[in-house]
Amino acid sequence: MEIKHSHIVLDACCVLNFCASGHLIEIIQSIPAQVVVTEVVRARELLTLRRLADANNEDINQFEAAMEKGLLAVADFTSESEEETFVNYVFELGDDGESATCAIAVHREWAIATDDKKASSFFQREAPNLQILSTLAIVKHWSEAENVSSATLRSVLTAIRTRGRYIPHRNHPLLGWWEDMMR
């Protein structure tokens with residue numbers, strides 16, 4: 001997986017899926033770019049993770065450890081034009097997290113990672129020059145870069161499916177890979 005940008009902004013769905021996998025830190029470490037979440041996503045996903053947390057709070061511990069280690073940076077709006085774009089995107093997308101992710105990525109020319117079809121289509125129209133990745137593209141990259149065993153990979157994908165409630169859509173370019181790994 002080649003990332004053509006210095007940074008990649010993770011949307012909330014990818015953060016939740018990586019936390020659900022139980023391997024957030026290892027997956028983020030394998031990404032060859034600075035990994036970022038927006039302040040909007042950070043604030044909301046911490047709340048979501050706290051609500052969904054197991055008795056040991058492993059998901060939130062992973063998220064906070066990734067931030068403490070500098071593996072996951074937080075980006076907030078730094079100009080009126082970024083905030084204005086965010087407001088316009090909320091009108092189009094109807095979601096604050098995806099809108100903040102897209103607004104910051106567009107203004108700073110960073111890649112984006114999202115599993116939301118509407119956000120992906122919108123982002124492709126708004127910034128066709130910027131790279132869009134998905135949970136599966138990043139997990140596939142991590143598994144190949146780290147030579148993850150097929151049993152571990154199946155366990156990770158199963159956790160993403162059950163705990164993250166993620167199943168790739170029928171036109172996802174990595175659907176066949178996901179199906180093969182889940183057998």
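Predicted model: local features only at pLDDT ≥ 70, side-chain atom pairs only at ≥ 80, totals over all residues.

Analyst: Local features need pLDDT of at least 70 and side-chain atom pairs pLDDT 80 or more, whereas totals for chains, interfaces and linings use all residues. Residues are numbered from 1 along each chain as its sequence is written, and side-chain values use heavy atoms, with hydrogens and water left out.

User: At what angle do helix α1 and helix α8 pack, and how far apart are their axes?

Analyst: Two packed helices are described by the angle between their axes and the distance between the axes. Helix α1 (residues 12-21) and helix α8 (residues 135-145) pack at about 40 degrees with axes 10 Å apart, the axes being lines fitted to C-alpha atoms over the stretch in contact and the angles running from 0 to 180 degrees between N-to-C directions. Helices here are DSSP runs of H or I with at least four residues, and strands are runs of E with at least two, numbered from the N terminus. α1 and α8 are therefore oblique to each other (under 35 degrees is roughly parallel, over 145 roughly antiparallel, 65 to 115 roughly perpendicular, and the rest oblique).

User: Which residues of α1 and α8 meet?

Analyst: C13, C14, N17 and F18 of α1 meet T135, I138 and V139 of α8, contact meaning heavy atoms within 4.5 Å. By class, this contact has five nonpolar, two polar and no charged residues (Ala, Val, Leu, Ile, Met, Phe, Trp, Tyr, Cys and Pro are nonpolar, Asp, Glu, Lys and Arg charged, and the others, Gly among them, polar).

User: Is the crossing of α9 and α10 left-handed or right-handed?

Analyst: The crossing of α9 and α10 is left-handed. Helix α9 (residues 150-162) packs on helix α10 (residues 175-182) at about 115 degrees, with axes 9 Å apart, which makes α9 roughly perpendicular to α10. L153, R154, L157, T158 and R161 of α9 make the contact with W177, W178, M181 and M182 of α10, and its residues are six nonpolar, one polar and two charged.

User: What is the volume of the largest pocket, and which element gives the most to its lining?

Analyst: Rolling a probe the size of a water molecule over the atoms shows where empty space is left. The largest pocket has a volume of about 380 Å³ (on a 1 Å grid over the protein atoms alone, a pocket is an open set of points where a 1.4 Å probe fits, with protein on both sides within 12 Å along at least five of seven lines, and lining residues have an atom within 4 Å of a point; grid points are joined across faces, edges and corners, and the volume is the space filled by probe spheres set on them). Of its 16 lining residues, S120, I132, S134, H172 and P173 are the closest to the centre. α7 gives the most to the lining, with four residues.

How values were computed. Left-handed = near helix turned anticlockwise from the far one by under 90°.
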